[in-house]
Amino acid sequence: MGNDIEEIKAKLNIVDVLGEYIKLDKAGANWRALCPFHNEKSPSFMVSEEKQFWHCFGCQKSGDIFGFVMEMEGLEFREALKVLAEKAGVKLQNYSPQKEEEKNRALEILELAVKFYEVQLWKGEGKEKILNYLRERGLKDETIKEFRLGYAPKGWRNILEFLIKRGYKIEEINKTGLLVQKSGPSPVASTRHPLSKGEEEINPNYKLQITNYYDRFRDRIIFPIADFSGRVLGYSARVAPGGDESQAKYVNTPETESYHKSRVLYGLDKAKAEIKKQGSVLLVEGNMDVIASHQVGIKNVVAVSGTALTEDQINIIKRYTKNIQMFFDMDSAGENATKKSVKLCLANGLAVKIVSLLQGKDAADMAKENPKELEKNVVEALPAMEYFFQKTFKKFDKNNLEGKKKITEELLETVAILENEVEKNYWIKKIGEDLDISEKALTDELKKISLKDKSKLISNTLDNLKTQEPIAKKEMLLQELMGLMLVYPTIWKEASKRIREENFNFKNELFDLMLENGEKTNFDFASFINEIGDKIEINQKAQNIFSQKKYRLDLNNNVEEINLPDPMDEFENYFREIKKESKKEELDRISNDLKIAEKSGDKEAKIFLCQESGRITKELHELEEKK
Ligand SMILES: [Zn+2]
């Protein structure tokens, strides 16, 4: 794929590609524009024709043509690759016509099925009962059409026969999740689901096979679930009113080649533009909430389909916005689930606001009964911490010890998750004041709780938190160092040598690649970028770090190149600071071990650790004096 990327880049000029989306003006050697990714009045978006990349000094985004198209169109890298390959007239090497054909057939089937279900709703069996039900729930016909709701009629082989008559093979249909395969080929079972009357028309070869499959969705309202671009990937199907209530209320498409529930956000295709425009997304509970909110003009709204919010979904959301508003379900089961989602968002750096609803209401109810009130609640959403704060103080009595303990316990649990130290401090102070407890006591308590609580979070997030907090400063210094290396080949060369002599223990993929590929690419930024071409996230990060070190805006908002008088001097400074941070980390580790040794009464270990600690402290002092 690396070759594909190079070929495409060689054939396309970044100025032409971006010029199709935004108006570029020449500014010295570079081009400038108003940034399409954030609101601005004077241009801080810069395009370098020479380096074939772009950077925004306002929102700090940057990348190459692939990154731009991804960001602009909300595409995955693969999809952006396809778009640009076509534009460049490059045939992708990994392009597998057969696999592609299979995928297209699956998408065709999924799309055709939606049409079938729609016809059943508007003209077929669903015309009376189902359509009336939806209208009673407050949905307008145009909304039902916009979201392409449908009806899967009663019976075992409606969609199956419909699709087979259109020339699709049973295996193909089965792969889309529309069917259920009976366990084991049992001819007896077929008598339970007698062949329907259309059966004789079907190719007889299928007769035996067909009895082993039946429709997954029967007598259900169909909600098609689409990807960001509106392609149908699967369905959520609600039991029809008056239907078999012993069945699950919702049945969703199982995991298939194209449908992964942990990555799906219902309504995203219709919400994405509005999410970008408003700078926030509203997360509601169910499909009906999305549709009803949409109908009353709240359009930046999505729902998760049959799962708790996942990290994959958060990552998708982050492509569009860093701000999320959530509805908070008041019953206690819902409360716990929401709290977990809120924490996952906070831990992933999203700003979360909570929208409160009246007891027992969901967004769909409110949209129907009182859309103005719903809108008001969304506007008045409280930052998550503020919300928890108010709620917890209402729940417990702050005037007795037991109440104080409960309040601190509940609140510190969430404070522990916050990424921002200033914010953390603010809340500790506030809790302390309101409960008349010292900040010191709260901070001590926070340490205990944060350990306990973090272990409860999903392991992935746990790892993030664990590695992020202590190395935050070191990571920052490393970014500066990498910037210097990418801009100045001599420093890159020198740094590679010096860093190998130390034991810094960075967990940074870009940095590893820089050390690995420096020599090979002659410590040249452009060659390096080519070398790591298909690692797109790292590629973009490299370009970002590079441009922050290389360019700045002058007072007149012109892009100017930064010329450091003595980059080597700057390198030495960063290098020393990083060394100091590493020593401090080491000391932390030792003091931890020391506590353990003390507890277990291991004298030998204690002596050794004290010596180590003394040695490192001395080294640290020496480094500090060098300043
Ligand atoms: Zn920008």
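Predicted model: local features only at pLDDT ≥ 70, side-chain atom pairs only at ≥ 80, totals over all residues.
Trainee: How many bridges pair strand 6 with strand 9, and which residue stands opposite tyrosine 151?

Mentor: Strand 6 pairs with strand 9 (residues 220-226) over 3 bridges in the antiparallel sense, and tyrosine 151 stands opposite isoleucine 221 in strand 9.

Trainee: Which strands stand at the edges of the open sheet formed by 5 strands?

Mentor: That open sheet has the order 1-2-3-4-5, again with antiparallel pairing. Its edges are strand 1 (25-27) and strand 5 (62-63), each with a single partner strand, so one side of each is left without a neighbour in the sheet. Within this sheet, strand 3 (residues 45-48) and strand 4 (residues 53-56) run antiparallel and are joined by 4 bridges, with valine 47 standing opposite tryptophan 54 in strand 4.

Trainee: Strand 14 is one I would like to follow as well; do strand 12 and strand 13 run parallel or antiparallel to strand 14?

Mentor: Strand 12 runs antiparallel to strand 14 and is joined to it by 2 bridges, whereas strand 13 runs parallel to strand 14, with 3 bridges between them. For residue partners, leucine 265 is bridged to valine 304 in strand 14, and leucine 282 has valine 301 in strand 14 as its bridge partner.

Trainee: Which residues of helix 12 are buried, and what covers them?

Mentor: In helix 12 (residues 268-278), the buried residues are Leu268, Lys270, Ala271, Lys272 and Ile275. Their cover includes strand 12 (265-266), strand 13 (281-284), helix 13 (287-295), strand 14 (301-304) and helix 14 (311-320). After helix 12 comes glycine 279, whose phi is positive, near 70 degrees.

Trainee: At roughly what angle do the axes of helix 18 and helix 19 cross?

Mentor: The axes of helix 18 (residues 384-395) and helix 19 (residues 401-415) come within 10 Å and cross at roughly 170 degrees, which makes helix 18 roughly antiparallel to helix 19. Where they meet, helix 18 contributes Met385, Phe388, Phe389, Thr392 and Phe393, and helix 19 contributes Ile407, Glu410, Leu411 and Thr414. By class, this contact has 6 nonpolar, 2 polar and 1 charged residues.

Trainee: Which residues touch the most other members of the largest nonpolar core?

Mentor: In soluble globular proteins, nonpolar side chains tend to be buried together. Here the largest nonpolar core has 93 residues, of which Ile222 and Val302 touch the most other members. Helix 5 (residues 97-122) supplies the largest share of this core, 7 residues. Leaving aside residues up to four places away in sequence, isoleucine 222 touches Tyr117, Leu149, Gly150, Tyr151, Ala152, Phe217, Tyr235 and Ala237. A second, separate core has 28 residues, among them Ile8, Phe45, Phe53 and Ala80.

Trainee: How many helices and strands does the chain have, and what percentage of its residues is buried?

Mentor: The chain has 28 helices and 19 strands, and buried residues make up 35% of its 627 residues. Among contacts with a separation of 6 or more, 64% are between residues 24 or more positions apart.

Key:
Residues numbered from 1 in each chain as written. Axes fitted to C-alpha atoms, helices over the stretch in contact; angles between N-to-C directions. Parallel < 35°, antiparallel > 145°, perpendicular 65-115°, else oblique. Contact = placed C-beta atoms within 7 Å. Nonpolar A, V, L, I, M, F, W, Y, C, P; charged D, E, K, R; others polar. Pairing = 2+ DSSP bridges. Buried ≥ 20, exposed ≤ 12 C-beta atoms within 10 Å, placed from the backbone. Core = buried A, V, L, I, M, F, W, Y, C linked by C-beta atoms within 7 Å.
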